[in-house]
Amino acid sequence: MSAGRSLEVRDVAKAFRARGSRGVSVQALRGVSLRVEPGEAVGLVGASGSGKTTLALLVLAAQRPSRGSIFFGETRVERLRGRALRAYRRDVQYVFQDPYAALNPLHTVAYALARPLANLRGLPDRDLPQEAAALLERVGLGPAEQFLPKLPHQLSGGQRQRVVIARALASRPKLLVADEPVSMLDVSLRAEILALLKDLQTSEGLSMLYITHDLLSARVATSRLVVLERGLVVEEGPTVHVLQHPQHPYTRRLIDAVPKLTSGGDVDGVSGGQRAAPGGRTEGGEEPGAGGAGA
Amino acid sequence: MRGAGTRPGGLGPGLAGQAGPPRGPRPPGGLLVLARAIRSLWGDGRARLGMLTILAFVLVAALAPVLAPYSPTNASFADSLGPSARHLLGTTGTGQDVLSQVLYGSRISLLVAMCAGTFATLIAVTVGLLAGYLRGVVEEVLGFATNVMLVIPGLPLMIVLATYVPGRGISVIILVIVLTGWAWGARVLRSQTASLRSRDFVLAAQLSGDRTWRIVFHEILPNMTSLVAASFFAAATAGVLAEAGLEFLGLGNPSTVSWGTMLYWAQNTSALLTGQWIQVFAPGLCIGLLAASLALVNFGVDSLSNPRLRER
Amino acid sequence: MALLEARGVDIVYRPPLGPPILAVRDVSLSVDTGEFVGLVGESGCGKSTLGYALTRMLRPPAHQTGGRVMFDGHDVTDLRGEALRRLRRRGLGLVLQSGMNALNPVRQIGKHFGDVMAGDGSSRRGERQDRMRSLLEQVGLDASVLARYPHELSGGMRQRVAIALVLSLEPRLIVFDEPTTALDVLVQAAVMDTIRSLQRATGFSALMISHDLGLVANATDRIVVMYAGRIVEDRAARTVVTEARHPYTRALLGCYGDPRADSVELRGIPGAPPDLSRQAAGCAYAPRCGLAQERCWQEEPALRRVGEAWVSCHRAEEPEAAPTAEAGPAPGAATVRG
């Protein structure tokens, strides 16, 4: 147990070649650096097209950066292959955004949990049901016997997301990359999942890279924020500080986009005129895709 | 890490639909999977009709020695007899009992349907999965081969192949049908694989440490069951028709008894001119019925990979 | 007078497998001329099903088994075929979450407008061009998109095109079903603003169906909250935050917060919505409610007048249910602070 490996992303860029068009490439990340200290929860915030999911895939070693490097402790993530990659998978796991797509519709909960237990922890078959049950209890799905034989479509969205989290915990990771883990869930379920993630992070000393466009969830789930716009970090700092004193206009727009219901005064302030102008045409962040395709 | 023996949670992929007990290993068992598939198909009226017709043909083929009044090759009767109590469908121009030939002929057609369907589907699945999942040279080469097979017109190719492949027999016919019949299925399976490959649960399996072969066969393939079944039935249907066509053209072994050779001999002995229309009509109807029933079963395959419809 | 009025609507799903599901039960809802109503609830509460019934778009396995739907004083419940098409052309529009994906990928945007406008026959070519331009301008798009193909536009732009297409028929009522859910946060806010200012400027009536109370409360005049197939609260949007009386509405409000505040507390609602294939006695929300009493388990509360609003809760008038009372989260509710 090397308690204390940090994730360090150093000047990472990633370009995708647009399909069909030779030579034209889309710059998803244009030189991003960030750190996640051991036990820390860092929020990576941005609208769609900001490159946040691309960065997640690079950190997970599911893709390789075009430039720059990623360190997890002493490990050079982008160079991992074979056995070393498998060892890395043990340490860094992923919580998917869409709990409906992240589970194979034809496999039971027991199967989904058994795969990482067998592959990454090397547990023998006879221990798998017991370990899978323990994982389910850990994420608040009890009694486990009731859930293990179920297929994804027999579960609610919140239950599926708990299964996805349980699967991510199976290998006893040190770092969890959570990609919009509550955005597909009903608002009434979000607090439960966020509370679970926060509990895991504090009680088991997990580091977390929490990716979201929703600053409210980032507020309760993280202690530091990194704001990403079109593949570049535009603002960074302690979560409360960034939210209360945003420096970059993009951060301010993200804050404005959060529906605020706490007091009557805010309600009018938010839907006020400044964004309603015909300027909707440009909307800054709206057209990353269209811009690329039209260029 | 471990081989195929790993069956975590005791629930193999084939059994995923079966909410069995969470503990205790239970191997999937091919028969069980087949039974569930049939039960699933049974739910569709058209598929049920198709399966009943196929079952009838299978029974006829199995019981041909019991059902047939004479040996199909017994040529000791008078030529070109009309229907009578002794020969319900009459006799051929070479003095064989037509009914016995029709009954025995079902064996060849079913054999070709099953073999052509199975082997063409095996090739289609292999090529489709590899071309859809892998990137780079493999994808390009397999995709090219598939497209070439798709654009070459089937019947002329079959005729050329059947003429040049040494030997004359049913195995040659099957070989020819398989070689010309896999491409359609491969094309469909390739695009479906490519689409499933980008799904989150495939990335999840990668992150869970699953190896490529396991992802392909345990995550992707089960989600394509209905397409695999569809390509089997389509290939089987095409096989039945192609076999009859090739035999009719005399590219098979004319001494075997099949519906296709019956048509070949009926043509050679000018059966229609002598009023022996039953010799053409009976095997023709059987070919049509078998092909239609295979196609009917194809209507029901959609439910095969839908977990919701699998349940009961 | 109400432009759209539903009375006692019941909708049942009869799936090929399994028991029938009572998706909507005895719902009465009206939208006045020029009014902007938000219909809010969690997934599976029946809000979209109701929206389909109101626009006469229900398809099997869903069936309306009771109640009437009136549009502009006419009973449209049983309209079919041509009469229904006339209703759609002359007054009732629908914008779906997937509307932006309903554009034909091989036709330019201008052609789509041509299709829709050709239907009403009258206008000449030059006039049409002008109308297309002005429609696009209204939804915040440039006339240059007319020559573009759908794939060249972003999701937000395509959803704006979908809205402009509906507007081209000059509807008197537009039902929006989660029109911004598939869009990015920033785009979502901008599209909502466009819808709101269009509604104010043009004066059409609108019903916005959404899972996001926060989003809808900021845009609409009136909020209707649904739970388990029934309406639980119906009140002016500006009083939702301060005066909501139904424990479910208030629990939903607890799921929101201001990320800038000094301390933020997010609450969830424990448990899950009931299984709608079984009809249980009592209030459907009782199992998740912090205020549930004996009576709530036995007797289903009717939707009744409470002050300016309509609420279906036995305890709506009691001080414990007052918005100011700190009833606290229901037992077992998750809370996260930050």
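1. The model is predicted: local features need pLDDT of at least 70, side-chain atom pairs count only at pLDDT 80 or more, and totals for chains, interfaces and linings use all residues. Residues are numbered from 1 along each chain as its sequence is written, chains are lettered from A in the order in which they are written, and side-chain values use heavy atoms, with hydrogens and water left out.

2. Strand S7 of chain C covers residues 173–177, and five of its five residues are buried, so the strand is largely enclosed by the rest of the structure. Buried means under 20% relative accessible area (1.4 Å probe, protein chains only). Strands (E, at least two residues) and helices (H or I, at least four) are DSSP runs, numbered from the N terminus.

3. In a regular strand the side chains alternate between the two faces of the sheet. From S7(C), C:Leu173, C:Val175 and C:Asp177 point one way, while C:Ile174 and C:Phe176 point the other way; all are buried.

4. S7(C) pairs in the parallel sense with strand S6 (residues 92–96) of chain C, over five bridges. Pairing requires that DSSP finds at least two bridges between the strands. C:Asp177 of S7(C) is the bridge partner of C:Leu96.

5. S7(C) also runs parallel to strand S8 (residues 205–210) of chain C, joined by five bridges. Here C:Ile174 has C:Ala206 in S8(C) as its bridge partner. Between S7(C) and S8(C) the chain passes through helix H6 (residues 185–202) of chain C, in a right-handed β-α-β crossover. Right-handed means that, with the strands pointing away from the viewer, the path from the first strand over the helix to the second runs clockwise.

6. In chain A, A:Thr54 lies in helix H1 (residues 52–59). A:Thr54 is buried, at 12% relative accessible area. Apart from neighbours within four places in sequence, A:Thr54 is in contact with A:Lys14, A:Phe16, A:Ala28 and A:Leu29; contact means heavy atoms within 4.5 Å.

7. Between chains A and C, 43 residues of chain A are in contact with 51 residues of chain C. The buried area is about 4,300 Å², with 62% from carbon and sulfur atoms. This is the accessible area (1.4 Å probe) that two parts lose on being put together, summed over both. A:Val187, A:Arg219 and A:Leu261 supply 16% of the area that chain A buries against chain C, more than any other three residues.

Notes: Buried < 20%, exposed > 50% of the residue type's maximum accessible area, 1.4 Å probe, protein only.
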